[in-house]
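Dear colleague,

Here is the structure I promised to hand over, with its sequence. Please look through it before you read my notes on what was found.

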Amino acid sequence: MGCCALVLASWISPRFVLFLMWVFGDRLDFAFDSFWTGLAGFLILPWTSVCYALAYAPIGGVSGIGWVLVAFGLLADVGTWFGGGREGRNRYYVEA
């Protein structure tokens, strides 16, 4: 599966992309040392896990611009956690 297709599918859901990567490829096996590490990434940091798996090279690991991609994934996860709460509060507080 092409990297571009994974990026496009990640706009739908990063967990869906991780599932597709697990079913149709072996990239997650290379990127994560154990099943538990991948499962924790799936549950807690899905954007970061997708970016890490895409940036991981089997011989050299993640280096250079790959860490920028992983940092972008972490920012997306943090934005998902905290941005939704703020928007929800704004929705319920009506200005009089």
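On the surface, L43, I44, L74, V78, W81 and F82 form a nonpolar patch with about 610 Å² of accessible area together; such a patch is made of residues with over 30% relative accessible area and no salt bridge, with nonpolar side chains (Val, Leu, Ile, Met, Phe, Trp, Tyr) joined within 5 Å. A salt bridge here is a side-chain nitrogen of Lys or Arg within 4 Å of a carboxyl oxygen of Asp or Glu, and accessible areas come from the Shrake-Rupley method with a 1.4 Å probe.

This is a predicted model, in which local features need pLDDT of at least 70 and side-chain atom pairs count only at pLDDT 80 or more, while totals for chains, interfaces and linings use all residues. Residues are numbered from 1 along each chain as its sequence is written, and side-chain values use heavy atoms, leaving out hydrogens and water.

Helix 6 (residues 65-92) gives the most to the patch, with four residues; helices are DSSP runs (H or I, at least four residues), numbered from the N terminus. V78 lies in helix 6 and is partly exposed at 31% relative accessible area, where buried means under 20%, exposed over 50% and partly exposed in between.

Helix 5 (residues 46-55), by contrast, is mostly covered, as eight of its 10 residues are buried, including P46 and C51.

F32, Y52, Y56 and W67 form one aromatic cluster; rings of Phe, Tyr and Trp (its six-membered ring) pair if their centres lie within 6.5 Å, and planes under 30 degrees apart count as stacked, over 60 as edge-to-face and the rest as tilted.

Best wishes

Conventions: Patch = residues over 30% accessible without salt bridge, like charges linked within 9 Å, V, L, I, M, F, W, Y side chains within 5 Å. Helix = DSSP H or I, 4+ residues; strand = E, 2+ residues; numbered from the N terminus. Buried < 20%, exposed > 50% of the residue type's maximum accessible area, 1.4 Å probe, protein only.
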